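Here are my notes for you, written as numbered points. Have the structure open while you read, and find each residue as we reach it.

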Amino acid sequence: MITPSPSVRRTSVACLALAACLGAALTATAAAAPAEPNSGPALDRYYNQHLGWGSCAKDPGDTMGRDLDKAGVQCADVVVPLDYAAPRGRTITVAISRLKAADTRHRIGSILLNNGGPGGTALESPPEFHAWMKEAGPRYDIVGFDPRFVGRSTPLDCGWSVGTNLFSAGLSRASFERQVALQKDLAAKCRATDADVLPHINTRNTARDMDVIRGALGERKISYFGYSYGTYLGTVYTQMFPGRTDRMVLDGAIDPRKYGPRLLREAVGENERALADWATWAAARHETYGLGRTRAQVLATVDRVIRASARGPLTVGTAPETFQLDDTQLPFILLAGVDSDTETSRAALGEQVSVLNKAAAGQPTRLSPRFAATLRLAMTGEHSPHGSVQSAIICGDRAAPRDPEVYWRDIERSRTAYPRFGAVTNNISPCAFWDRPHEAPTQVKQDAKALIVSATGDPRTPHKGAVALHGLLPSSKLITLKGANRHAIYGLYENACVDNKVNHYLATGKLPAHDRICSK
């Protein structure tokens, strides 16, 4: 779930990616919304607006903006209505970036990027995608954008003391009750600070913004690349604006019928298996990490550390930066750590669990920069804007159960089969205390051509979701990466088979004749 930026996706803060999948499916009682009409007079001024392209650097200290400027990227703000039902009312801005096609003679068009989240930025992404796309890159205007209320697009910040709501219910009823209080408080903070805009933060409005971007760019059709939550956003766009997409790649795909505040329940088994696979890896490196010489021993160490944190918070780090983790917070570290099976990711989780194991034994510990960054994300307000808008989008898209007992029963039922992650994926969230969404969830009734990419062991958006989306879009084709516990593949996982097939499609516009399988 991707993923606020390419640089962040490669660090342990890639736990942001997992939030691309924080939802589950409640059957909507409202009727499905119809496809959007063509822009009328009230919307024409948005579709026909002139974009003032210029420097991406906001000030001398804007490192990202300066890097984009050096890469030849230009930035602009797109004006969109806060409420599409009242287009003559209040407006907001959506920040976009563009690396123009160098091969103008063979230019294909514009491709719009979304890195997932929800709440991930993509303003910074055109240079990296240009490199990944190889020969196809110079033939596109590569356009990144920060969705409404994300990053530089009229950002939302509810003033949270944490950067995510993705915690465990812990091992006891008392720890669950603390979670109920925390999640209720997070929702209350957003309502207190941003009640006027919350009803307008949802995927359908982001899809409407995408179509305004298409129009403002002067494109009749637009290509699209979405990771994780971005696959849901792209699917919604095809349903609201049929016929307006050219080439579409959906990597780490979500079954749109399952998307919502409890989606991660769909992947609980994949996460337990990914942790077990990591335990096998760590056991072979006992001399390095000291966690056990077999898979069973390593998992027993993990369970022992969680139990210790339930008796009293574990203190990690050295002054001036120390953190205390209890049994509601510690499983987040595990969940964030199993989003990829690369050596780098596995080594990072090995180091982190080793630190926690020492803390459980009362020993002093030091934090790597990567571990410290993950802890700051989860346990401080440094990333409050990300957590705030992520919840706002998910809660604004689909209603969640409101009775805490529903969650508690699911948690208790899950403990035996899913001892480390059942209490995470079934935990209560701010959505239980959010106002009801203003629109019904989008139902997929229109076919669309797309190239879907998925790994069989994806621990965030499970492979079965990609298969389901493929079934809903009969004209799509599916590339399956076998044997990988990995979320988000293209460009990031360096699998030549996947990358080459995606690039061939982007260059030619021709989907494979049949579904394809790649090996790790």
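1. (Helices, H or I with at least four residues, and strands, E with at least two, are DSSP runs numbered from the N terminus.)

2. Before going on, a word on the source: this is a predicted model, where local features need pLDDT of at least 70, side-chain atom pairs count only at pLDDT 80 or more, and totals for chains, interfaces and linings use all residues. Residues are numbered from 1 along each chain as its sequence is written, and side-chain values use heavy atoms, with hydrogens and water left out.

3. How many disulfides does the structure hold? There are four. If you number the bonded cysteines in sequence order, the pairing goes 1-2, 3-4, 5-6, 7-8.

4. Now look at Cys56 and Cys75, a disulfide with sulfur atoms 2.0 Å apart. Cys56 lies in the loop between H3 and H4 and Cys75 in strand S1 (residues 74–81), so the pair ties together parts that are 19 residues apart in sequence. The torsion about the S-S bond is about 95°, so this one is right-handed. Cys56 counts as buried at 1% relative accessibility, and Cys75 counts as buried at 10%. (Buried means under 20% relative accessible area, exposed over 50%, partly exposed in between, with a 1.4 Å probe and protein chains only.)

5. Next, Cys497 and Cys518, joined S to S at 1.9 Å. With -65° about the S-S bond, this link is left-handed. Cys497 is in helix H19 (residues 496–508) and Cys518 in strand S11 (residues 516–519), 21 residues apart. Are the two ends buried or partly exposed? Cys497 counts as partly exposed at 28%, whereas Cys518 is buried at 1%.

6. Finally, go back to the loop between helix H3 (41–47) and helix H4 (63–70) and pick out Asp62. Asp62 counts as buried, at 9% relative accessibility. Its side chain reaches the backbone nitrogen of Lys58 at 2.8 Å. Leaving aside neighbours within four places in sequence, Asp62 is in contact (heavy atoms within 4.5 Å) with Cys56, Ala57 and Arg152.

Technical notes
Polar contact = N/O pair within 3.5 Å; in protein donor to acceptor, adjacent residues only side chain to side chain. Disulfide = S-S within 2.5 Å.
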